[in-house]
Amino acid sequence: NFSYLSNIKGEIQIKNNKVFNSNINAKLNNKTNFILSIFTNDKKQKITNLEIDEPEPFIKNFKFIKGFKEGNLLYESSQYEGKTISNLKIMDFKVQEVPVLAKLLTLASLQGIADLLTGEGIRFTDFEMDYETLGNTTNIKELYAIGPAISLIMDGYIVKDNLTSLKGT
């Protein structure tokens, strides 16, 4: 309701009511870059690339992430015969609303104490997730987030609306 794209330039090719190819450049909220390209190759693989500066309007739609600020997002995926292989990267961002356990763990470092005292959130320099989706199941091959106060690495799987199984450090 509060975000919009402007200065939209590009083209979209639609075949059989599906996006076949596209290349779109725009400004998000009149200030940051939004770049989307979709390409279908000769093997009928659909390759999607998305780049968003300050992607907060998109990330706030995910219920499990709250208080996301700043950052740059890069998303790449390849879809073929119902299976999607994806990579999501987010760099230089902050998360303000984190679970109590994460807040306690950040107190183990001076940077973590500073992050909590400023109220700006816990900073991360890198987040990356490699995952595959087939039907209702998402297999997370590797998910990691690195920050000056706290880092994590996980893998596992999610069955939509049914089960989440993650393990890591």
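Analyst: A nonpolar core is a set of buried Ala, Val, Leu, Ile, Met, Phe, Trp, Tyr and Cys residues joined through side-chain atoms within 4.5 Å. Buried means under 20% relative accessible area, exposed over 50%, and partly exposed in between, for a 1.4 Å probe and protein chains only. The model is predicted: local features need pLDDT of at least 70, side-chain atom pairs count only at pLDDT 80 or more, and totals for chains, interfaces and linings use all residues. Residues are numbered from 1 along each chain as its sequence is written, and side-chain values use heavy atoms, with hydrogens and water left out.

The largest nonpolar core has 22 residues, and the members that touch the most others are Leu73, Ile90, Phe124 and Phe127. Two or more residues of this core come from each of strand 2, strand 3 (32-40), strand 4 (46-53), strand 6 (83-97), strand 7 (122-134) and strand 8 (137-146). Strand 7 gives the largest share, five residues. Helices (H or I, at least four residues) and strands (E, at least two) are DSSP runs, numbered from the N terminus.

Leaving aside neighbours within four places in sequence, Phe127 is in contact (heavy atoms within 4.5 Å) with Leu88, Lys89, Ile90, Phe93, Leu143, Tyr144 and Ala145.

Strand 8 also holds Ile140, a buried residue with a relative accessible area of 8%. In sequence, Ile140 and Met129 are eleven residues apart, and their C-alpha atoms are 7.2 Å apart in space. Not counting residues up to four places away in sequence, Ile140 touches Met129, Asp130, Tyr131, Met154, Asp155, Gly156, Tyr157, Ile158 and Leu166.

One of these contacts, Asp155, has Lys167 in strand 10 as its bridge partner. Strand 9 (residues 152-159) and strand 10 run antiparallel and are joined by six bridges; two strands pair if DSSP finds at least two bridges between them. The two strands form a hairpin with three residues between them, and Asp161 in the turn has a positive phi of about 55°. How many of the six residues of strand 10 are buried? The number is zero, so strand 10 (residues 163-168) lies largely in the open.
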